[in-house]
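Here is my note on the model you sent, written as numbered points. Please keep the structure open while you read.

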Amino acid sequence: MCVGCRERANASSLIRVVAVEGRVIPDPPRRLPGRGAHVHPAKQCLDRAERSKALSRALRVVGKLDVSALREAVDVSLARPFPAPAGDERHRRGSSVERTGSSRMNTP
Ligand SMILES: [Zn+2]
């Protein structure tokens, strides 16, 4: 669920974030330990999550959260399609195998 608009969404369309020392750190590979929250990589969701304190609540942070790193990540992700790096890699690997297989078939 997105902590901004509170809509259910596929995990791959959301960005995982964790709080490290009061800073919200984007964690698209989902590798960082600790309590995470998910939000759409969209400015309006980020703004809502911050304003409604849903992000602090989700991350169990008391006090002020620094979301500048996450804002930057959202800006970058808006410039190009947002990742899901693991799935993307798997997809690419799968299609290259397919391509190799079919090219072998086409050129006997
Ligand atoms: Zn959202």
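**Notes on the sheet, the helices and the core**

1. β1 and β3 run antiparallel and are joined by four bridges. One of the residues to look at here is Arg16, whose bridge partner in β3 is His38. Bear in mind throughout that this is a predicted model.

2. β1 also pairs with β2, again in the antiparallel sense and over four bridges. Here Val18 has Ile25 of β2 as its bridge partner. The two strands form a hairpin with two residues between them, and Glu21 in the turn has a positive phi of about 50°.

3. Put together, the three strands make an open sheet in the order β2-β1-β3, with antiparallel pairing. β2 and β3 are the edge strands, since each pairs on one side only. From one strand to the next, the twist averages 35°.

4. Which helix packs on this sheet? It is α3, which touches β1 and β2 and whose direction makes about 30° with that of β2.

5. Gly36 lies in strand β3. Is Gly36 buried or exposed, or in between? It counts as partly exposed, because 16 C-beta neighbours lie inside 10 Å, while a buried residue needs 20 or more and an exposed one has 12 or fewer. Leaving aside neighbours within four places in sequence, Gly36 is in contact with Arg16, Val17, Val18 and Asp27. Gly36 is 21 residues from Ile15 in sequence, and their C-alpha atoms are 9.8 Å apart in space.

6. Helix α3 covers residues 68-79, twelve residues in all, and reaches 17 Å from its first C-alpha to its last, close to the 16 Å expected. Its buried residues are Leu70, Ala73 and Val74. Seen down the axis of α3, these fall within an arc of 100°, so they line one face of the helix. Ser68, Glu72, Asp75 and Ala79 are exposed on the other side. The cover over the buried residues of α3 includes β1, β2 and α1.

7. The general rule behind such a face is simple. An α-helix has 3.6 residues a turn, so residues three or four places apart point the same way.

8. Helix α1 can be read in a similar manner. Cys45, Leu46 and Ala49 are buried in α1. They cover an arc of only 100° around the axis, which puts them on the same side of α1. The face turned away from that buried side carries the exposed residues Gln44 and Arg51. What covers the buried residues of α1 includes β3, α2 and α3. Just after α1, Lys53 takes a positive phi of about 65°.

9. Which residues touch the most other members of the largest nonpolar core? Of its 20 residues, they are Val3, Val39, Leu46, Ala49, Leu55 and Leu70. At least two residues of this core come from each of β1, β3, α1, α2 and α3.

10. Not counting residues up to four places away in sequence, Leu46 touches Gly4, Val39, Val67, Leu70, Arg71 and Val74.

How values were computed
Residues numbered from 1 in each chain as written. Predicted model: local features only at pLDDT ≥ 70, side-chain atom pairs only at ≥ 80, totals over all residues. Expected span 1.5 Å × (residues − 1). Arc of directions from axis to C-beta. Contact = placed C-beta atoms within 7 Å. Core = buried A, V, L, I, M, F, W, Y, C linked by C-beta atoms within 7 Å. Pairing = 2+ DSSP bridges. Axes fitted to C-alpha atoms, helices over the stretch in contact; angles between N-to-C directions.
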